[in-house]
Amino acid sequence: MQTTTLFRKTVAAATLTALLAAAPLAQVAAQDGGAMQKSSANQTVPDKAADGWITTKVKSELATTKGIKSSDLSVNTTDGVVTLTGTAATSGEKAKIEAIAKKVKGVKSVDAGGVTVSDNAK
């Protein structure tokens with residue numbers, strides 16, 4: 001009988017703890033969601049999802065292409081426009097990076113102006 005009572009009290013305490021812990025998290029999520037809406041109010045949810053997919057696909061293509069050091073690159077997509085930043089070993093690698101990004105479905109244009117060519121190319 002004591003075991004059952006102890007078990008019930010433990011379950012009740014755990015449930016209360018979980019509910020109290022979840023409340024602040026929900027509030028933070030709501031605040032973050034509001035901030036994201038304000039910063040990209042012109043973009044709909046499907047557009048954001050498409051941009052996320054494009055960014056992921058470009059990163060994946062760069063990571064699996066021989067001769068490109070994708071860890072030196074950053075990819076950002078807004079409204080189908082891919083912005084690349086980072087460092088390329090040669091101007092040929094920079095051109096290849098830009099060409100790969102342009103081939104990804106959904107890409108409207110590519111801005112590779114933020115990709116610099118390293119001075120110490122081998």
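Accessible areas were computed by the Shrake-Rupley method with a 1.4 Å probe, and for residues only the protein chains shown count as cover. On this basis the protein exposes about 8600 Å² of accessible surface, 59% of which belongs to carbon and sulfur atoms. The structure is a predicted model, in which local features require a pLDDT of at least 70 and side-chain atom pairs count only at pLDDT 80 or more, whereas totals for chains, interfaces and linings use all residues. Residues are numbered from 1 along each chain as its sequence is written, and side-chain values use heavy atoms, with hydrogens and water left out.

The protein contains three helices and three strands, assigned as DSSP runs (helices, H or I, at least four residues; strands, E, at least two) and numbered from the N terminus. Along the sequence these elements follow the pattern α-α-β-β-α-β. Of the 122 residues, 20% count as buried; here buried denotes under 20% relative accessible area, exposed over 50%, and partly exposed the range in between (1.4 Å probe, protein chains only). Among contacts (heavy atoms within 4.5 Å) with a separation of 6 or more, 62% are accounted for by residues 24 or more positions apart.

The largest nonpolar core comprises 17 residues, of which V58, L62, V82, L84 and I97 touch the most other members. Two or more residues are given to this core by each of helix 2 (45-63), strand 1 (73-78), strand 2 (81-88), helix 3 and strand 3 (109-117). A nonpolar core is defined as a set of buried Ala, Val, Leu, Ile, Met, Phe, Trp, Tyr and Cys residues joined through side-chain atoms within 4.5 Å. With neighbours within four places in sequence left aside, L62 is in contact with I68, S70, L73, V75, I97 and I100.

Two of these partners of L62, I97 and I100, are also buried residues of helix 3, together with E93 and A101. An α-helix has 3.6 residues a turn, so residues three or four places apart point the same way. On the face of helix 3 turned away from its buried side are the exposed residues S91 and K103. The 13 residues of helix 3 (residues 91-103) should span 18 Å at 1.5 Å a residue, in agreement with the 19 Å between its end C-alpha atoms; the expected span is 1.5 Å times one less than the number of residues.

In strand 1, T77 is buried, with a relative accessible area of 8%. Its side chain makes a polar contact with the side chain of T55 (2.7 Å), a polar contact being a pair of N or O atoms within 3.5 Å of which, within protein, one must be able to donate a hydrogen and the other to accept it, with residues adjacent in sequence counted only if both atoms are side-chain atoms. Not counting residues up to four places away in sequence, T77 touches D51, I54, T55 and V82. T78, also in strand 1, is partly exposed at 42% relative accessibility. The C-alpha atoms of T78 and A50, 28 residues apart along the chain, are separated by 9.3 Å. D79 is located in the loop between strand 1 and strand 2 and has a positive phi, near 55°, in a residue other than glycine.
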